[in-house]
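Subject: Structure handover

Hello,

Here is the structure I said I would pass on.

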Amino acid sequence: MKIDVAEVVVTSPDRNFVTLRLTTDDGVVGLGDATLNGRELAVVSYLQDHVVPLLLGRDAHAIEDTWQFLYRGAYWRRGPVTMAAIAAVDVALWDIKAKAAGMPLYQLLGGASRRGLLAYGHASGRDMPELFDSVRLHLEQGYRAIRIQSGVPGLNAIYGIASNATAIGNIGVRYDHEPAQRAPLPAEEDWDTRSYLRHLPDVFEAARNEFGPELPLLHDAHHRLTPIQAAKLGKALEPYDLFWLEDCTPAENQDALRLVRQHTTTPLAIGEIFNTVWDYQTLIREQLIDYVRSAVTHTGGITHLKRILECAAQYQIKSGMHGPTDISPVGMAAAMHLGLALHNFGIQEYMRHGARTDAVFRQSFTFADGLLHPGDEPGLGVALDLDEAGKYPYQRAYLPFNRLKDGTVHDW
Ligand SMILES: [Mg+2]
């Protein structure tokens with residue numbers, strides 16, 4: 001079975017997505033997600049200009065060999081653009097292999113280790129009443145674990161807070177957070193760490209009082225703290241029993257987590273901007289984190305993320321795969337198949353896509369009683385409707401950036 005056609009499909013139904021679509025000489029189609037939020041066209045070029053010519057005529061079954069050929073053969077290793085491109089090829093080949101076998105992909109990865117994947121959603125509000133409305137709406141939608149992000153008094157626009165409130169029938173109000181904005185230039189947000197550190201423990205205390213001790217609650221600090229600030233926050237949040245504190249310090253510096261770990265027992269999750277096992281070497285070996293946040297899409301695909309998570313399993317570190325709306329339905333399906341098969345699955349981030357996106361990507365997954373399941377169609381269980389995709393050309397969009405009150409650019 002040889003790769004006969006390789007197409008890169010760019011579509012922007014509710015947001016931009018990049019999809020690699022491979023077809024074999026006997027007509028089997030495989031899909032891979034290559035979406036890199038805010039830098040989508042760089043991956044399109046990497047695939048179209050450099051990778052597609054290498055794929056034509058290759059054995060579609062040779063997944064490991066193709067992975068090593070693309071990674072080592074490029075000479076220039078790692079990096080989000082390279083690893084998103086390799087991920088797209090890898091996932092498309094796994095999709096093809098599972099379709100050829102007539103099985104859902106999770107069966108090829110070892111079979112199901114659980115009934116479904118515990119998923120968490122994003123609740124947010126500019127103040128506590130809005131936040132609590134948002135938590136209640138997520139509970140009504142079936143979520144059994146919830147990330148909470150709150151506005152901070154004195155700050156106008158910060159990470160994770162929906163800018164638009166939308167009334168939905170008589171259910172309540174939905175606060176969707178979509179950080180990438182379709183605009184010629186990135187939006188500017190503001191930040192003050194001391195205000196945030198003063199306010200956040202009060203938010204978690206109120207949330208625990210309102211929703212009780214059982215509900216798993218998560219929080220994302222989005223790389224904004226120094227190690228000692230992160231240590232202070234983790235300690236302050238201990239009474240509220242977080243499922244995890246995410247991205248507490250800028251992720252490039254693995255050593256920073258040592259200091260945080262010495263001071264707090266709040267579980268730590270990191271890695272959504274990582275793209276290889278090398279980014280986790282210290283973190284895993286020294287047990288400095290509890291959850292690996294990498295997505296299949298940004299981390300070289302199923303082949304490489306599985307390798308990272310198998311290293312992590314030796315240290316009781318679990319998966320917590322990145323899954324906001326910039327992971328396409330193809331990338332989400334790949335995450336679900338891998339998560340279902342892994343022994344050390346922890347939790348899966350899951351934000352719903354919009355109706356236009358769901359029409360472009362027809363999906364077979366289910367979400368019931370807080371659990372995701374990828375379904376039992378052969379392969380990933382996702383079909384790309386090229387006519388629908390063609391209705392939505394690429395639109396320039398950027399993630400925001402962030403400044404402190406004196407104008408200094410800060411981590412976003
Ligand atoms: Mg995050």
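Over how many bridges do E1 and strand E2 (residues 17–24) pair, and in which sense? The count is eight, and the pairing is antiparallel. Please keep in mind that this is a predicted model.

The sheet. E1 and E2 belong to an open sheet of three strands, ordered E1-E2-E3 and paired antiparallel. Strands E1 (3–11) and E3 (29–33) are at the edges; each has a single partner strand, so one side of each has no neighbour in the sheet. On average, neighbouring strands are turned by 20° against each other, direction ignored.

Helix H3 (residues 80–101) lies across E2 and E3 and runs at about 145° to E3. Helix H11 (residues 329–341) also lies across E2 and E3, at about 95° to E3.

Helix H5. This helix covers residues 128–140. At 1.5 Å a residue, its 13 residues should span 18 Å, and the end C-alpha atoms are 18 Å apart, which agrees. The buried residues in H5 include Leu131, Ser134, Val135 and His138. These cover an arc of only 100° around the axis, which puts them on the same side of H5. On the face turned away from the buried side of H5 are the exposed residues Pro129 and Glu140. Just after H5, Gly142 has a positive phi of about 105°.

Regards

Terms used
Residues are numbered from 1 along each chain as its sequence is written. This is a predicted model: local features need pLDDT of at least 70, side-chain atom pairs count only at pLDDT 80 or more; totals for chains, interfaces and linings use all residues. Helices (H or I, at least four residues) and strands (E, at least two) are DSSP runs, numbered from the N terminus. The expected span of a helix is 1.5 Å times one less than its number of residues. A residue is buried if 20 or more other C-beta atoms lie within 10 Å of its own, exposed if 12 or fewer, and partly exposed in between; C-beta atoms are placed from the backbone. The arc is that of the directions from the helix axis to the C-beta atoms. Two strands pair if DSSP finds at least two bridges between them. Axes are lines fitted to C-alpha atoms, for helices over the stretch in contact, and angles run from 0 to 180 degrees between N-to-C directions. Two residues are in contact if their C-beta atoms, placed from the backbone, lie within 7 Å.
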